[in-house]
Amino acid sequence: MPLLNIAIIGYGKMGREIEKTALEKGHAVKAIIDPRIKKEGIQFNEINKESLAGVDVCIDFTQPAAATENIKKAAGLKKSIVVGTTGWHNRLDEARKAVKKNNTALLYSPNFSIGVNIFFKIVEDAAKQINNFDSYDSFIVEFHHSQKLDSPSGTARKLGEIIINNTNRKTTAMYDRLERKIKPEELHVASVRAGTISGTHTVGFDSSADTIELKHTAKSRVGFAQGAVAAAEWISGKKGIFTLDDMVKNITGGN
Ligand SMILES: NC(=O)c1ccc[n+]([C@@H]2O[C@H](COP(=O)([O-])OP(=O)(O)OC[C@H]3O[C@@H](n4cnc5c(N)ncnc54)[C@H](OP(=O)(O)O)[C@@H]3O)[C@@H](O)[C@H]2O)c1
């Protein structure tokens, strides 16, 4: 495993967890970039030549409105970046262009927890089974703490894609309030925000006879931080655009 000089972009709840994990694994945290928080010696307000000097890989956990510009700035300075921030994927094309143009690397995922990535595979298998039985309808409900800026969660969107791609009966995810009956081909995805609830995602399959529920609950942020630091190690020296799926497949050989 290469020991890296890491820049942490966004020193909030996740940025702090990533700092701990990176140091535990022997990496150096060369820069912390956050407009407000002070940390002597390695604190910077913005991404520029000075703040990214000597950095091997950046890790961004900021906010939806900031992530795309951060990717473009890092790419412009020829730095690769791991992005955990959610809610910016509508600007993915812009980010891709900048990364390709500068021949750097981007690895992004709405969820860096290995458990959630196992959950994605379980949901995919379940959706394929359910596809054989017309009597089952499907739904998604996700819960998060009240400070989360985006809704639905990136993880819920990804779960929605998995169900739609593997169930012929579902074609569209519906995230908003409905003022009418839901159509059979629509997949209802509901979001709840309250207190300090840890990220919780439930995928349900409902028939007139029973309900099957698959649920993932994050117990802490450690799993996300470990996944993000592992992703920084994995993209170091690579060029291109990757998701966590690519990394997991590469490590497990697709099994
Ligand atoms: N992919 C995953 O596995 C995963 C897991 C957990 C969370 N997330 C996502 O990661 C993001 C951060 O989560 P969090 O819980 O750490 O949030 P947080 O505690 O609010 O931290 C975000 C930090 O980024 C700072 N920031 C905002 N814009 C910035 C910019 N342009 N440059 C540098 N720093 C900037 C914020 O400063 P201000 O307070 O001044 O705005 C804040 O300190 C969210 O999008 C969340 O959904 C992803």
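Mentor: Happy to! Let's begin at Ile42: setting aside the neighbours within four places in sequence, Ile42 is in contact with Val29, Lys30, Ala31 and Ile32. Please keep in mind as we go that this is a predicted model. Ile42 itself sits in the loop that runs between strand 2 (28-33) and strand 3 (43-44).

Now step back to see the whole. The protein is divided into two parts, domain 1 (5-112 + 221-252) and domain 2 (114-217). The C-alpha centres of domain 1 and domain 2 lie 28 Å apart.

Next, look at where the domains touch. Twelve residues of domain 1 are in contact with twelve residues of domain 2. About 960 Å² is buried between domain 1 and domain 2, and carbon and sulfur atoms give 55% of that area. There is one salt bridge between the two domains. In a salt bridge at 3.3 Å, N to O, the side chain of Lys158 meets that of Asp245. Seven residue pairs are in polar contact between domain 1 and domain 2. On the side of domain 1 that touches domain 2, helix 7 (residues 244-252) gives the largest share, three residues. Sorted by type, the residues on that side of domain 1 are five nonpolar, four polar and three charged.

Of the 26 residues around the ligand, the ones that come nearest are Met14, Asp34, Arg36, Thr86 and Phe112. For Met14, a backbone N or O atom lies 2.8 Å from an oxygen atom of the ligand. Pro110 also uses its backbone, with a polar atom 3.1 Å from a nitrogen atom of the ligand. Lys148 reaches the ligand with its side chain, where a polar atom lies 2.9 Å from a ligand oxygen.

Across the structure there are 14 salt bridges. One to find is between the side chains of Arg91 and Glu69, at 2.9 Å, N to O. Arg91 belongs to the loop between strand 5 (80-83) and helix 3 (92-102), while Glu69 is in helix 2 (residues 64-76), so the pair links distant parts of the chain, 22 residues apart.

Finally, two backbone details. Most residues other than glycine have a negative phi, and most peptide bonds are trans. Lys78, in the loop between helix 2 and strand 5, has a positive phi of about 65° although it is not a glycine. Ser151 and Pro152 are joined by a cis peptide bond, with omega about 0°. Look for Pro152 in the loop between strand 7 (137-144) and helix 5 (154-166).

Notes:
Residues are numbered from 1 along each chain as its sequence is written. This is a predicted model: local features need pLDDT of at least 70, side-chain atom pairs count only at pLDDT 80 or more; totals for chains, interfaces and linings use all residues. Side-chain values use heavy atoms; hydrogens and water are left out. Domain bounds come from an automatic or database domain assignment. Contact means heavy atoms within 4.5 Å. Buried area is the accessible area (1.4 Å probe) that two parts lose on being put together, summed over both. A salt bridge is a side-chain nitrogen of Lys or Arg within 4 Å of a carboxyl oxygen of Asp or Glu. A polar contact is a pair of N or O atoms within 3.5 Å; within protein, one must be able to donate a hydrogen and the other to accept it, and residues adjacent in sequence count only if both atoms are side-chain atoms. Helices (H or I, at least four residues) and strands (E, at least two) are DSSP runs, numbered from the N terminus. Ala, Val, Leu, Ile, Met, Phe, Trp, Tyr, Cys and Pro count as nonpolar, Asp, Glu, Lys and Arg as charged, and the others, Gly among them, as polar. A residue is near a molecule or strand if one of its heavy atoms lies within 4 Å of it.
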